Amino acid sequence: MSDMNYITSYCKIESGKVVLNNEEVFRGGENVAEADFMKSVYKHFKTDYPKFYKMDNLCKLAFIASELLLKTNNITEKYNRDRIAIVISNSASSLDIDTEHQSTISDKDNFFPSPAVFVYTLPNILIGEIAIRNSIKGENSLFIFENFNPEFMENYHNILLNLKTTDACISGYVDFYEHKYKAFLYTVEKTPGVLAIEHTTENLNQLFNK
Amino acid sequence: MKSDTYIAAMNVISPLGFTSEENFGQLKQMKTGVLVHDDPQLYFEPVCAALIDSDRLRSEFKKLNTDISYTRLEQLMILSIESVIKQNPKIDVKSERTLLVISTTKGNIDLLEPANLKKFDKDRKMIWKTADMIATHFKNPNTPLVVSNACISGVLAIILGKRMLDSSQYDSIIVSGVDILTNFVVSGFESFKAVSKEVCKPYDASRDGISLGEGCGTMVLTNDKSLLNDDSVIVVKGGSSSNDANHISGPSRTGDGLLLAISNTLEEAGIPASEIDYISGHGTATLFNDEMESLAMADAHLSDVPLNSLKSYFGHTLGAAGIIESIMAIHSMKENTLIGTYNYKEPGVTKPLNVITKTTSAEIVNCLKTAAGFGGCNAAVLFQKQ
């Protein structure tokens with residue numbers, strides 16, 4: 001049914017480390033709080049996007065991973081941005097910021113819900129942030145699985161990249177909850193590109209876990 | 001070769017009823033499920049919302065005789081899926097060729113309140129865990145596909161269901177969308193000053209915000225025509241999603257994102273705008289959303305097509321909305337009956353829309369359902385009667 005699709009670049013952020021296309025490009029200090037680590041990545045790579053500071057932890061993590069990822073390839077130049085999809089999954093949905101919103105409404109005498117917090121209580125906002133930053137208007141889907149699901153990703157990309165509407169995809173997994181975080185974002189195209197890694201369950205498993 | 005995707009069974013649970021027929025019957029009489037609720041658990045002041053009667057839910061769920069304790073949200077989804085299986089016994093929920101696609105924005109959000117979480121494992125706050133509970137209840141062997149994409153989740157789940165069928169891995173897909181209304185959601189939308197004091201007024205000149213709601217909608221999709229047990233055949237012809245790439249909490253000022261989703265949907269379906277007979281709009285009744293829709297419809301050459309919003313009947317049911325509203329649209333198609341938009345009186349958008357005001361007979365072959373949501377997302381799906 002489908003020709004092979006390829007992982008043409010990837011970015012992985014976890015345990016205080018940033019890996020970009022097989023290469024470690026940044027390492028934070030030991031025992032750095034997650035929020036401070038993300039800020040240090042933002043600053044280290046001289047990112048200039050003041051909206052970053054308004055984002056919740058989950059969106060910050062997705063944002064810095066997408067910034068680094070899209071620097072290493074030219075997909076936003078190569079393709080019509082209406083035809084680039086964003087397909088991301090996670091495990092804990094937006095529970096990190098949900099807990100914060102809940103803390104503003106639990107006490108009847110200290111009731112202060114804020115729209116600036118509440119707006120982030122949907123996991124797909126992270127797709128919105130990447131879309132806005134890069135003017136990407138294609139298909140978007142946020143899936144929730146207990147763990148990263150490479151079988152589904154392989155299968156769904158075969159479907160998606162065979163649609164007439166989609167040429168390339170920004171994909172992966174971004175999760176942030178209870179001080180644990182992991183971002184694994186990658187680009188999928190129909191041609192091999194520089195990395196030339198086939199978009200298969202096996203390769204996704206290997207990149208995600210190594 | 002892609003075959004058509006058929007709708008093999010449907011159920012809606014809302015304040016208006018526990019079956020899709022019961023719900024549609026209420027719509028035909030233009031009865032709304034949105035009422036003023038003065039309940040401090042929900043919000044510190046009275047709020048207009050569509051809430052499911054807890055006593056009825058409890059008594060309906062008791063009939064299932066299960067020993068496991070399920071949350072309110074899980075009970076809704078289990079009842080809804082039980083209903084579609086009963087409706088169409090040809091659907092084998094235990095088969096590995098059947099996949100559950102679940103749509104929800106907040107899952108068991110009531111468990112963030114410590115008093116509620118005491119009764120359940122901590123894991124139950126996780127949406128994947130809810131999905132797992134549902135699959136286990138029905139002895140379905142596959143990991144459910146969970147979509148959480150704000151207010152387009154339901155429409156997107158239907159589109160994904162069709163795509164998964166087209167990949168030939170499954171015989172049938174059970175698409176179920178659910179969200180419950182709690183203090184969490186009400187206080188959030190109130191903080192945005194987005195909630196109307198009255199039943200919301202979609203597309204109306206005096207619209208001033210949304211009404212919230214809760215509910216569950218389930219539809220079974222299949223590419224195997226022999227699994228249908230109904231003479232009137234409704235097909236999912238195409239569907240697409242898009243992003244405005246404009247603002248995380250405000251709709252596009254031009255409607256270009258929704259236009260893109262509509263254009264891609266019509267193209268996939270191979271149906272020109274001139275052949276659309278009815279549009280089930282998103283119509284949240286906020287100033288900006290309804291305005292944005294009018295611009296997108298004008299650019300899609302759909303301004304003259306009869307359109308309604310069901311948000312003034314069901315409230316905004318978030319992750320369930322796209323499925324509940326699609327099911328009601330399918331009833332409209334089957335009965336050739338357009339439903340008036342409750343509380344709509346005067347035109348109130350820049351580009352005129354043909355808003356349906358009362359229950360009307362009309363031949364409906366092609367129906368477009370649209371949705372838009374936070375995060376700048378949009379979706380459209382096209383249903384056809386064959």
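Over all chains, this predicted model holds 28 salt bridges. Side chains of opposite charge can pair when their charged atoms come close.

| Salt bridge | N to O distance |
|---|---|
| A:Glu67 and A:Arg133 | 2.7 Å |
| A:Lys78 and A:Glu189 | 2.8 Å |
| B:Asp55 and B:Arg58 | 3.0 Å |
| B:Lys122 and A:Glu178 | 3.2 Å |

## Salt bridges within chain A

A:Glu67 and A:Arg133 form a salt bridge, with the closest N and O atoms 2.7 Å apart. A:Glu67 sits in helix α2 (residues 57–71) of chain A and A:Arg133 in helix α6 (residues 125–134) of chain A, so this pair ties together parts that are 66 residues apart in sequence. A:Glu67 has a relative accessible area of 13%, so this residue is buried, as that value is under 20%. A:Arg133, at 28%, is partly exposed.

A second salt bridge joins A:Lys78 to A:Glu189 at 2.8 Å between the closest N and O atoms. This pair links distant parts of the chain: A:Lys78 belongs to helix α3 (residues 75–78) of chain A, while A:Glu189 belongs to strand β7 (residues 180–189) of chain A, 111 residues apart. Here A:Lys78 is partly exposed, with a relative accessible area of 44%, and A:Glu189 counts as buried at 4% relative accessibility.

## Salt bridges within chain B

In chain B, the side chains of B:Asp55 and B:Arg58 meet in a salt bridge of 3.0 Å, N to O. Both residues lie in helix α2 (residues 54–62) of chain B, three residues apart, which is about one turn of the helix. B:Asp55 and B:Arg58 are both exposed. Salt bridges with shared partners also join B:Glu22, B:Arg56, B:Glu60 and B:Lys63 into one network.

## The interface of chain B and chain A

How many residues of chain B are in contact with chain A? There are 53 residues of chain B in contact with 51 residues of chain A. The area buried between the two chains is about 4300 Å², and carbon and sulfur atoms give 63% of this area. B:Trp128, B:Arg163 and B:Ile248 supply 15% of the area that chain B buries against chain A, more than any other three residues.

Four salt bridges are counted between chain B and chain A. In one salt bridge between these chains, B:Lys122 pairs with A:Glu178, and the closest N and O atoms are 3.2 Å apart.

On the side of chain B that touches chain A, the elements that give two or more residues are α5 (127–137), β5 (145–147), α6 (153–166), α7, β9 (234–243) and α8 (256–269) of chain B. The largest share, seven residues, comes from α7(B). The residues on this side of chain B divide into 25 nonpolar, 19 polar and nine charged.

Helix α7 (residues 183–191) of chain B includes B:Ser191. Is B:Ser191 buried or exposed? B:Ser191 has a relative accessible area of 15%, and because buried means under 20%, this residue is buried. Leaving out residues up to four places away in sequence, B:Ser191 touches A:Pro113, A:Ser114, A:Pro115 and A:Phe118.

Strands also pair across the two chains. Strand β5 (residues 140–144) of chain A and β5(B) run antiparallel and are joined by two bridges. A:Ile144 has B:Val146 in β5(B) as its bridge partner.

## A sheet in chain B

Strands of a sheet pair through backbone hydrogen bonds, either parallel or antiparallel. In chain B, an open sheet of three strands has the order β2-β3-β7, with mixed pairing. Its edge strands are β2 (35–37) and β7 (212–213) of chain B, each of which pairs on one side only. Strand β3 (residues 47–50) of chain B pairs with β7(B) in the parallel sense over two bridges. The bridge partner of B:Ala50 in β7(B) is B:Gly213.

## B:Ile271

B:Ile271 is found in the loop between α8 and β10 (278–280) of chain B. With 5% relative accessibility, B:Ile271 counts as buried. B:Ile271 touches B:Lys237, B:Leu266, B:Ile276, B:Asn366, B:Leu382 and B:Gln384, not counting residues up to four places away in sequence. B:Leu382 is 111 residues from B:Ile271 along the chain, and their C-alpha atoms are separated by 9.1 Å.

Conventions
Residues are numbered from 1 along each chain as its sequence is written. Chains are lettered from A and ligands numbered from 1 in the order in which they are written. This is a predicted model: local features need pLDDT of at least 70, side-chain atom pairs count only at pLDDT 80 or more; totals for chains, interfaces and linings use all residues. Side-chain values use heavy atoms; hydrogens and water are left out. Helices (H or I, at least four residues) and strands (E, at least two) are DSSP runs, numbered from the N terminus. Buried means under 20% relative accessible area, exposed over 50%, partly exposed in between (1.4 Å probe, protein chains only). Contact means heavy atoms within 4.5 Å. Two strands pair if DSSP finds at least two bridges between them. Buried area is the accessible area (1.4 Å probe) that two parts lose on being put together, summed over both. Ala, Val, Leu, Ile, Met, Phe, Trp, Tyr, Cys and Pro count as nonpolar, Asp, Glu, Lys and Arg as charged, and the others, Gly among them, as polar.
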